[in-house]
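Let us walk through a protein structure together, one region at a time. Keep the picture open beside the text and look up each place as it comes along.

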Amino acid sequence: MARILPVASFDCTVFGATGDLTMRKLLPALYHRHRDRQFPDTSRIIGAARGQLDDDGFRRQAEAALRQHLPADALEAATLQEFLAQLHYRPIEGSGEGGWETLAATLAERPGQVRPFYLATSPELYGPICQRLARHGALSPQARVVLEKPIGHDLTSARDINRAVGEVLPEAQTFRIDHYLGKETVQNLMALRFANPIFERLWHADMIDHVQITVAEEVGIGGRGGYYDRAGALRDMVQNHMLQLLCLLAMESPISLDPDAVRDEKVKVLRALKPIAPHEAHLATVRGQYTAGAIAGQPVPGYRQDLGGEASLTESFVALKLQINSWRWAGVPFYLRTGKRLPRKVSEIIIEFRTPPFSIFPREAVGMQPNRLLIRLQPEEGMRLEMMTKEPGPGGLHLRPTGLDISFEKTFGQRYPDAYERLLMDVVRGNTTLFMRRDEVEMAWQWVEPILQGWTDRPETPRPYAAGSWGPTAAIAMIERDGRTWYESLE
Ligand SMILES: NC(=O)C1=CN([C@@H]2O[C@H](COP(=O)(O)OP(=O)(O)OC[C@H]3O[C@@H](n4cnc5c(N)ncnc54)[C@H](OP(=O)(O)O)[C@@H]3O)[C@@H](O)[C@H]2O)C=CC1
Ligand SMILES: O=C1O[C@H](COP(=O)(O)O)[C@@H](O)[C@H](O)[C@H]1O
């Protein structure tokens, strides 16, 4: 059973409190933390948005959302009522003047509380909201502002947001969230690498042939088409989640778990990424867009139908090959791919090791495969080290890949907290380790931007792929040109 470390009493103001993210992720996460008694009853969760609701109206919306999004066995009547009683609502205009004095007065009732402000709104509002919080004296030393991804739409807008927020708030009180960093299995990458010296010896271009990172989703763009069609897969998933995974995989050992020690090492990886110039973007990347198809035997519409019939050049799939300019990684390609409406939800990292420099086994020793370390981030979280083993029997020397497996569920047998649960409690604690620093976000945009530029300079229709397939065939061709292949661990 995991230890629950209690946090201090807080007043958490959630801007965008009636939106999808709050209803689907933040309130369920806070409910779970309440259920485990991780925060005191004196804590309040104050919803804020433009809708003219009162506390009861917000509680009714929240209750409906919790009933929809929590598993039935987590819903206990008394716990739910206690949690709802901690919810409040203050109407507010994020970029205007209405509602700020009332919110400030509500917060002033309890000056000693930790004050998280969660900005679950569009990023254009981050600067205006922070400026207003400052103007109304709400940014006490106990304040922490959480900025949801995406931080901007490109490097310039990211810098503008960071500058506007930085004018009123120190970096130590700024929490740029990337929920992948809150996933247990993503945090485990640090344990895998820095608590197991056997791997550190192998974690090097001398031993590793290449790395694959796949983040596949079954879902389409759903009700978020307005946002997604402006973003696309590169901005939505690669600029943040996938580059963060890459940083944790590729960074050198930090000198400690201190937030800046870890983030310094991640920034070094981002700085070492070999730029993909605009004119190279078409060779180093593949963009795709799903067409109608079937997932788990059920027909699903295509991207354009999901958008309401509009034509669109936005990619719902991207695959790319990148290199890291460092002694550790020189010459080791990293292949990344992510997409919506792929055959199943799976996030997985494959480290493929080099083959033996010379083989003593005859050709008939069929099944020779390189060693691979599979790190399954979700679902069926775990790790598998694939080794070549002699098949038992008298009929000659036959080799077969077999796995040393760790299933987290079998090993630890407990509920995995959602990423937002851990991250929200870290915000209250004031621990920024699992949040992105300003320079990290900007370096990631700096690397991604020439690719976007290349796509703009030579606009092409993304390659179609049927929903339920693994993306366009060009993504397969991209890796196969290098004599490698995407690894499907469950197939
Ligand atoms: N939904 C998700 O799964 C994820 C979302 N995000 C990011 O989180 C943010 C929120 O996303 P999501 O919840 O989906 O968006 P929604 O459109 O569902 O919700 C937006 C919320 O912001 C409020 N709002 C809009 N304009 C203003 C304003 N001027 N002043 C105050 N409140 C305002 C809306 O209420 P009202 O109109 O009443 O004011 C609503 O509560 C976005 O940046 C998104 O990219 C990030 C990761 C995942
Ligand atoms: O940030 C986002 O992440 C989700 C995928 O998150 P996961 O925890 O379900 O793997 C993605 O669907 C969404 O488009 C993106 O904005």
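A residue is called buried if 20 or more other C-beta atoms lie within 10 Å of its own, exposed if 12 or fewer do, and partly exposed in between, with the C-beta atoms placed from the backbone. By that count Glu217 is partly exposed, because 18 other C-beta atoms lie within 10 Å.

Before we go on, please note that this is a predicted model, in which local features need pLDDT of at least 70 and side-chain atom pairs count only at pLDDT 80 or more, while totals for chains, interfaces and linings use all residues. Residues are numbered from 1 along each chain as its sequence is written, and chains are lettered from A and ligands numbered from 1 in the order in which they are written.

Let us stay with Glu217 for a moment. This residue sits in the loop between strand S7 (208–216) and H9; helices (H or I, at least four residues) and strands (E, at least two) are DSSP runs, numbered from the N terminus. Which residues does Glu217 touch, not counting residues up to four places away in sequence? They are Gly339, Lys340, Leu342 and Lys345, where contact means that the two C-beta atoms, placed from the backbone, lie within 7 Å.

The UniProt annotation "binding site", from an unreviewed entry, covers His179, Lys183, Glu217, Asp236, Lys340 and Lys345. UniProt positions are given in the numbering used here, feature names are shortened, and annotations may be inferred rather than shown by experiment. Asp236 from this list is found in helix H9. Is Asp236 buried or exposed? Asp236 is buried, because 23 other C-beta atoms lie within 10 Å. Leaving out residues up to four places away in sequence, Asp236 touches Tyr228 and Ala231.

Now step back to the whole protein. The chain is divided into domain 1 (11–148) and domain 2 (181–417 + 438–480), with bounds that come from an automatic or database domain assignment. Taken over C-alpha atoms, the centres of domain 1 and domain 2 are separated by 34 Å. UniProt, again in an unreviewed entry, lists residues 14–188 for "domain: Glucose-6-phosphate dehydrogenase NAD-binding". Over residues 14–188 the chain is 43% helix and 15% strand, and the end C-alpha atoms are 29 Å apart.

What about the inside? A nonpolar core is a set of buried Ala, Val, Leu, Ile, Met, Phe, Trp, Tyr and Cys residues joined through C-beta atoms within 7 Å. The largest nonpolar core has 120 residues, and Leu119 and Leu246 touch the most other members. H9 gives the most to this core, with 13 residues. Domain 1 (11–148) and domain 2 (181–417 + 438–480) both give residues to the core, so it lies between them. Apart from its neighbours within four places in sequence, Leu246 is in contact with Ile213, Val269 and Phe334.

Val269 leads us to another helix, as it is one of the buried residues of H10, together with Val262, Arg263, Lys266, Val267 and Leu270. The buried residues of H10 pack against helix H9 (225–250) and helix H15 (438–457).

Thr432 is in the loop between helix H14 (419–429) and H15. Thr432 counts as buried because it has 22 C-beta neighbours inside 10 Å. Not counting residues up to four places away in sequence, Thr432 touches Ala172, Phe175 and Pro259.

Finally, here are some backbone details. The peptide bond from Lys149 to Pro150 is cis, with omega near 0°, and the one from Gln378 to Pro379 is cis, with omega near -20°. Ala296 has a positive phi of about 50° although it is not a glycine, and Arg341 has a positive phi of about 60°, again without being a glycine. Where do their surroundings differ? Ala296 is exposed, with 9 other C-beta atoms within 10 Å, whereas Arg341 is buried, with 31.
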